[in-house]
Structures are given as structure tokens and as C-alpha cells.
Amino acid sequence: MISRNLRHFRVFLAVAELRTPTAAADRCLVSQPAVTQALSKLEREAGGSLFDRTRQGFFLTERGKVLHARLKRAMDRLDQGLGEVAPRLIRTATTAQLQALIAVVETQNVTLAARALGRAQPTVHRAITQFEQEAARSLFERSSFGMVATRVCRDLAQAARLAFSEFDQVEADLADFDGREVGRIVVGALPLSRSVVLPEAVASFRAARPKSKVTILDGPYTDMLSSLRRGEIDFVIGAMRDPLPIEDVVQEPLFVDHLCVLARPDHELAKQRDVPLAELVQHPWAVPRPGTPSREQFDAMFEAMGMALPESIVECGSILLMRELLLKSDLLGCISGQQAKAELRNGLLVRLHTRIDWPGRKIGLTYRRDWMPTSAQNRLLDEVRSAACLVGAE
């Protein structure tokens, strides 16, 4: 494990740039023995030599280049956030202080922050107090309701989160350099991807990299997006948003999907041809939650015809729950045709013949604009793209 000593990271980056421990010591305001000690510890933790030491200077080894690429990104991001609060913090801030800052920003309470970090409350309180003293400014508005972070404090907490995420990636990069599999890939899965693309992609990925850990999370899009931006999720797969929700993420289209209307096989509308909208509106429905692209299309279908929405609606985004609701009632379902593929193939549900010309929905990947995937993450992304190509060709 690489210990998250920010001073050691700065020393390493200074030596890589200046190619001499003496110059690095002057820049970092430490002694030359301190530089030697910092490099020795980093090399032990990184599993090998980071520099070729020559008469002409210190030059990064291949292992050192792997570490440098990730740490440079992380520290540049972190230093920008620290500098906006107070330039002095670039030299004095510690990992423990930044972890405390993030926890208090998220919980708005020192006691809750301490509990989240597994630390004593006085320890977290002292870290925040010292940090504000060094910054020579207040970073929280204190009230009887809690501690509300200022804008510059929130920006710093975000920069620190993403820097820490890069530190996590360092472990995976170095392990991959040594031919080992370390780290975890976290995927945010929106409804369609859980049944169509991800199973195939993850199965292929696991066959190639059986020891790589993959965690798949589900939940509302807004929660996924927040976790993605904080660095807690690596990428999200599912229906793309139009317009782009925020400028610090990128959307990559994979294929186009279309909605369909479903019912149980013996439903009174199952045998009809060209069921008109006027008849569909008279029936109860199971449809996705408001705010999702599927629901927007469903609502727009009736609005375009100047019709009110059906009076009886059950909101659910799970095809499993929708299937059971439709089998046990006269409900009609509106969901992705790809998502319902297994139910249709096995004869559990049928697709109604309607006069609705559903517009296509773009299904794709969402990730941070400046994200640099590890080798394992790139492999999983390639498997997702391959699986999506098969879906798009159907």
C-alpha cells in the first residue's frame, strides 16, 4: 500500500522534475536526508526502484513513470483547490485534515463526521480548527443546524475527493505493472444495462481477469451522477441525458433503444392489431419513475396528442417487478424493448401492436471528463462496447 503522505508525494514529483535531490529539497523546504528518506519509503511501498540514479541526475524508471503519471494528476488537482483557499496550505495540508474536511462537508456535523471516519470527535474537531487557522479564514458557516461549507470549501472537498480517487488508482496501476490484479472497478448500472449489456461484458471481463473486483451499483440517476463526480463510481451505463447534465462529465453513445408496450399473454388487448392511443389511455399502467428518459417519452406520447395521462399508474423501473405486476393484473407496461427481451422470448409477456412510433433513446457510458482509466477499467470498457455492438446489430 502507498501511504498517503502528501509531503512525500511532493518530494517525489520535485525530484522527477528537477532530477536532483538537492534542488528538490530546496523547493520542498526540507533537508536532503529527508528527501532520501521519502524516496526510500516510496520505493519500498511501490515495490521497486522509482529512479535511475546517474551522474547526470535522477531519471524515472518505468515503474516511476507509472507512479508519476497518476500522482501528478492528483496533486495538480489538489494543489489548485488548496491554493484557492490559501497558498500556504499547499505546503501544510495533510491527508488527515483533508479527510476530516470532506467528512464535515458531507455530514455538516463534526460528531457525524468522526463517526463516518472511525475517529474520535475531538480529533476531527482539532483537524478542522487547525486547517482553518492555517488557511486564516473560516471555511464553514456554523449555526444551530450544523456546519455549512462555504463555496471555496466545497470546491476543495471535491478536489480532494478526486485526488484521493487517483491515489486509489495508483495501487491498481503499480499492480498491473507487476502483472498482479489489485483494486476495484465500480460501475453505476441504470435499469436497461443490468439485463442487456453488463451481464455479457462482466462475464467476458471476468474470464480474462478473474481476480479483478467488480462492484455494480444501482439507484436513481441523480445519485449515480453525484457518486461519479465524487470519484466513488468509475463510470455509469444506461440511458443518456439530453442536454448533458453538467460540464465535468462526458457521455459516449453505445446504441439506440426503443420503448414498447407490454401485457400478459391473455390480456384483452394482446390479440388486437394497431391498438389506438385512445384505447390505451383507458387502461392502468406500470411505467418508470418521473425524471427518467423512459417516463419522459411515455408522458410526451399522450401530451403530443393533447390527451391527459392515464389515471391509474404504478411507478417502477424494474422489469422483474413490472413482469409480476402485469402477470397478476390488467396493467399495461411501458419499458425498453431490450430490457424486456427475456420476458418476451420466454412468452411471459407479449408486445402489443400499437400505433406509437417511439423515438430512439441513446444508451451509453457516462464518465468524468478528465478520467484516466486503469488497464483493468479500460478492459471492462472495451467489453461493454463489444456487448453493446451486439445489441445494436440486432
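I began with the lining of the largest pocket, whose residues divide into 13 nonpolar, eight polar and 10 charged, where Ala, Val, Leu, Ile, Met, Phe, Trp, Tyr, Cys and Pro count as nonpolar, Asp, Glu, Lys and Arg as charged, and the others, Gly among them, as polar. This is a predicted model, in which local features need pLDDT of at least 70 and side-chain atom pairs count only at pLDDT 80 or more, while totals for chains, interfaces and linings use all residues. I kept the numbering from 1 along each chain as its sequence is written, and side-chain values use heavy atoms, with hydrogens and water left out.

I noted a volume of about 700 Å³ for this largest pocket, a volume being the space filled by probe spheres set on grid points that are joined across faces, edges and corners. On a 1 Å grid over the protein atoms alone, a pocket is an open set of points with protein on both sides within 12 Å along at least five of seven lines, a cavity is a set where a 1.4 Å probe fits but cannot get out, and lining residues have an atom within 4 Å of a point. Of the 31 lining residues, Arg4, Phe164, Ser165, Asp168 and Gly231 lie nearest the centre of the largest pocket, and H9 gives the most to its lining, with eight residues. Helices (H or I, at least four residues) and strands (E, at least two) are DSSP runs, numbered from the N terminus.

I found 23 residues lining it, with Leu6, Arg10, Cys28, Asp79 and Ile90 the closest to its centre. Helix H1 gives the most to this lining, with six residues.

I then looked for cavities and counted one of 30 Å³ or more; the largest cavity has about 60 Å³ of space. Its lining includes Arg73, Arg77, Ser165, Glu166 and Trp371, and by class it has three nonpolar, one polar and five charged residues.

Last, I looked at the largest nonpolar core, where Phe12, Leu78, Leu98, Leu101, Phe131 and Phe140 touch the most other members among 60 residues. Helix H9 (residues 151-177) gives the most to this core, with 10 residues. Such a core is a set of buried Ala, Val, Leu, Ile, Met, Phe, Trp, Tyr and Cys residues joined through side-chain atoms within 4.5 Å, buried being under 20% relative accessible area with a 1.4 Å probe and protein chains only.

Methods
Buried < 20%, exposed > 50% of the residue type's maximum accessible area, 1.4 Å probe, protein only.
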